[in-house]
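This briefing is intended for reading alongside the sequence and the coordinates.

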Amino acid sequence: MEYRKGLEGVVAAETAIGLVDGEKGHLVYRGHWAKDLAINNSFEEVAYLIWNGKLPNETELINFTLKMKEFRKIPTFLKEILELLPKDMDVMSVLRTAVSSLGDSKFSWPPTIEQAMQLTSILPSVIAYKYRLDQGEKFIEPNLDLDHVANFMYMLDGKEPSPAFTKALNAYLVLTIEHGMNASTFSSRVVASTESEIISSVCAAIGAMKGPLHGGAPSEVIKMLDEVGTIDNIEPWIRNKIESGGKLMGFGHRVYKTHDPRAEALKIVSQELTGESNWFDLAIKMEKIAIELLDEYKPGRRLYTNVEFFAAAVLKGISLPKELFTPTFTASRIVGWTAHVLEQSQDNRIFRPQSTYIGEQPVNLDFAK
């Protein structure tokens with residue numbers, strides 16, 4: 001059998017959920033360009049699409065949204081658990097524990113869309129609960145008059161966010177809902193293939209997302225933009241970084257060999273928000289100058305901005321706390337995870353790859369006879 005380290009290039013499943021084509025720079029959700037969905041559709045509409053295979057009509061969207069709102073509230077037993085967890089426990093570990101605690105009989109096999117809705121709806125509430133707890137502040141109950149994204153921002157500080165900031169975060173969350181057979185998605189499908197319930201699949205996915213090689217937030221990009229500081233300093237800073245052998249964070253991608261469609265969508269949103277925050281102004285200008293200089297210093301390398309670059313501009317621009325970057329990413333990707341769990345259950349076969357033994361053989365081989 002051919003050995004592929006890390007299963008690189010191995011096709012492990014067929015899916016109708018999403019397409020990632022790195023050579024062409026395509027990201028498709030259920031037959032729709034993800035970039036268009038991020039700019040023109042709400043998180044609820046795209047979640048409905050991912051789980052049901054089509055965009056909702058007006059009546060379907062109203063009913064779906066109302067159902068999602070019902071699942072936002074944190075049950076009393078979970079609040080008690082959150083209060084008892086160690087104060088220094090990171091947010092991702094808290095999410096994993098919170099999801100695990102929800103695993104009662106309602107979440108038995110096979111998985112359902114309603115189960116996916118419940119987990120997706122409650123995750124922002126858990127994130128906000130942990131954040132407020134760490135700040136020594138009282139938890140803010142969900143506002144049922146707000147949509148999914150605006151409510152999440154409201155629960156963090158008790159203020160209704162501006163439509164501009166809600167649109168920016170909505171775009172980011174839509175663009176991170178689904179991205180092929182990545183480590184966390186694969187983890188969720190492996191667990192689902194054993195016919196374990198959706199809770200276990202999501203816990204496995206959160207565990208994978210927690211690792212810095214997968215769910216690492218765009219903190220390094222923010223650090224870079226902080227160092228640059230002003231628009232006038234962009235060009236000399238980049239030239240010095242490249243000439244000294246340093247790396248520009250937020251440029252280049254393992255999958256995309258051309259423009260990252262997620263970055264393109266967030267760039268459009270960032271352009272609309274110039275003037276709302278200096279971060280958006282700085283990011284837009286830096287991207288333009290950086291691409292020109294990368295082409296000058298490294299011709300033919302096709303190094304473009306990836307999603308982390310403009311994600312940094314959006315998340316910092318809306319003042320989202322740095323420690324919530326990866327948990328917020330998780331609150332979006334759970335839609336994709338649960339869609340893959342549902343898909344796996346519909347045509348299931350347990351994952352059972354082989355391994356090649358490279359250890360020592362017993363000294364006495366007569367036993368084998």
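The points below are grouped by topic and describe a predicted model. Three strands form an open sheet in the order β1-β2-β3, with antiparallel pairing. Helix α7 is mostly covered, with nine of its 10 residues buried, and α7 also gives the most residues to the lining of the second largest cavity. The structure holds two cavities of 30 Å³ or more.

**The three-stranded sheet**

- The sheet is open and has the strand order β1-β2-β3; β1 and β3 are its edge strands, each pairing on one side only.
- Strands of a sheet pair through backbone hydrogen bonds, in either the parallel or the antiparallel sense.
- Strand β1 covers residues 18-21 and strand β2 covers residues 26-29; the two are joined in the antiparallel sense by four bridges.
- Within this pairing, Gly18 has Tyr29 of β2 as its bridge partner, and Asp21 has His26 of β2.
- Four residues lie between the strands in the hairpin of β1 and β2, where Gly25 adopts a positive phi near 70°.
- Strand β3, residues 32-33, pairs with β2 in the antiparallel sense over two bridges, and the bridge partner of Val28 in β3 is Trp33.
- The hairpin of β2 and β3 has two residues between the strands, and Arg30 in its turn has a positive phi of about 50°.

**Helix α7 and its surroundings**

- The buried residues of α7 are His148, Val149, Ala150, Asn151, Phe152, Met153, Tyr154, Met155 and Leu156.
- These buried residues pack against five helices: α2 (43-52), α3 (58-70), α6, α8 (163-175) and α17.
- Just after α7, Gly158 takes a positive phi of about 80°.

**Gln115 in helix α6**

- Gln115 belongs to helix α6, which spans residues 113-134.
- Gln115 has a relative accessible area of 6%, and because the cut-off for burial is under 20%, Gln115 counts as buried.
- Beyond its neighbours within four places in sequence, Gln115 contacts Lys106, Phe107, Ser108, Pro110 and Ile198.
- The C-alpha atom of Gln115 is separated by 8.9 Å from that of Ile199, a residue 84 places away along the chain.

**Glu287 in helix α15**

- Glu287 is located in helix α15, residues 278-297.
- The relative accessibility of Glu287 is 6%, which is under the 20% cut-off, so this residue is also classed as buried.
- When residues up to four places away in sequence are not counted, Glu287 touches Phe251, Lys267, Thr305, Phe309 and Phe310.

**Cavities**

- The largest cavity holds about 50 Å³ of space.
- Leu82, Leu85, Pro86, Lys87, Val94, Lys130 and Leu133 form the lining of the largest cavity, which by class comprises five nonpolar, no polar and two charged residues.
- The second largest cavity holds about 40 Å³.
- The second largest cavity is lined by Phe43, Pro124, His148, Val149, Phe152, Leu173, Ala331 and Ser332.
- Six of the residues lining the second largest cavity are nonpolar, two are polar and none is charged.
- Helices α7 (148-157) and α17 (325-346) each contribute at least two residues to the lining of the second largest cavity, and α7 gives the most, with three.

- By class, the lining of the second largest pocket divides into nine nonpolar, three polar and three charged residues.

Key:
Residues numbered from 1 in each chain as written. Predicted model: local features only at pLDDT ≥ 70, side-chain atom pairs only at ≥ 80, totals over all residues. Heavy atoms only, no water. Pairing = 2+ DSSP bridges. Buried < 20%, exposed > 50% of the residue type's maximum accessible area, 1.4 Å probe, protein only. Contact = heavy atoms within 4.5 Å. Nonpolar A, V, L, I, M, F, W, Y, C, P; charged D, E, K, R; others polar. 1 Å grid on protein atoms, 1.4 Å probe; cavity = no way out; pocket = protein on both sides within 12 Å on 5 of 7 lines; lining within 4 Å. Points joined across faces, edges and corners; volume = space filled by probe spheres on them.
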